[in-house]
Amino acid sequence: MRILELELINFKGVRSLKLDLNGNDAIIRGDNGTGKSTIMDAFIWLMIGKDHEGRSEMKFDIKTRDEAGEAIPMIDHTVRARLDHNGDVFELTRTFKELRPKKSGTSEKIFTGHETEYFINGISKGMRAYQTFVDALVPPQLLKL
């Protein structure tokens, strides 16, 4: 499998990043705290919903934070990749979002939890269908390699 593009939007400390790899090998270097692990975590999270240490999004905190370290409310956290697997090109997208419905009779939005949306080639999929598709591409234990 080759990564053609990888895009992060509001993922951990990255507000917006798009890597156009075109299937080429890439070496990501930088000082500590510059986002190397974030890029790896984004790809693994896109594929299996966990970071490189095996923690879910609620445990490794994918939310983007403001200057004071507080999670920025009401923004979606998205990773998208265009991949080539044996000549088949497809796009995967995973979005983690807050649920904030309006309180009945008011315009106030109340936080009620989170949901994750899954897309294959822009078509919404349930979690099981998405994970079945991804698992057929690569076994989860190989992703860290």
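Hi everyone, I'll walk you through the sheet, the helices, the core and some salt bridges of this structure.

First, some ground rules: this is a predicted model, where local features need pLDDT of at least 70, side-chain atom pairs count only at pLDDT 80 or more, and totals for chains, interfaces and linings use all residues. Residues are numbered from 1 along each chain as its sequence is written, and side-chain values use heavy atoms, with hydrogens and water left out.

Let's start with the sheet. Six strands make an open sheet, in the order β2-β1-β3-β4-β5-β6, with antiparallel pairing. Strands and helices here are DSSP runs numbered from the N terminus (E, at least two residues, for strands; H or I, at least four, for helices), and two strands pair if DSSP finds at least two bridges between them. Which strands stand at the edges? They are β2 and β6, each with a single partner strand, so one side of each has no neighbour in the sheet. From one strand to the next, the twist averages 20 degrees; angles run from 0 to 180 degrees between N-to-C directions, with axes fitted to C-alpha atoms, for helices over the stretch in contact.

Now the helices. Helix α1 packs on the sheet and touches β1, β2, β3 and β4, where contact means heavy atoms within 4.5 Å. Helix α3 lies across β3, β4, β5 and β6. The two helices, α1 and α3, also pack together, at an angle of about 115 degrees and with axes 8 Å apart. That contact is made by L46, M47 and I48 of α1 with Y130, Q131 and V134 of α3.

Keep an eye on M47. In the largest nonpolar core, which has 27 residues, L6, F11, M47 and L92 touch the most other members. A core like this is a set of buried Ala, Val, Leu, Ile, Met, Phe, Trp, Tyr and Cys residues joined through side-chain atoms within 4.5 Å. The element that gives the most to this core is α1, with six residues.

Finally, the salt bridges (a side-chain nitrogen of Lys or Arg within 4 Å of a carboxyl oxygen of Asp or Glu). The count comes to 14.

Terms used: Buried means under 20% relative accessible area, exposed over 50%, partly exposed in between (1.4 Å probe, protein chains only).
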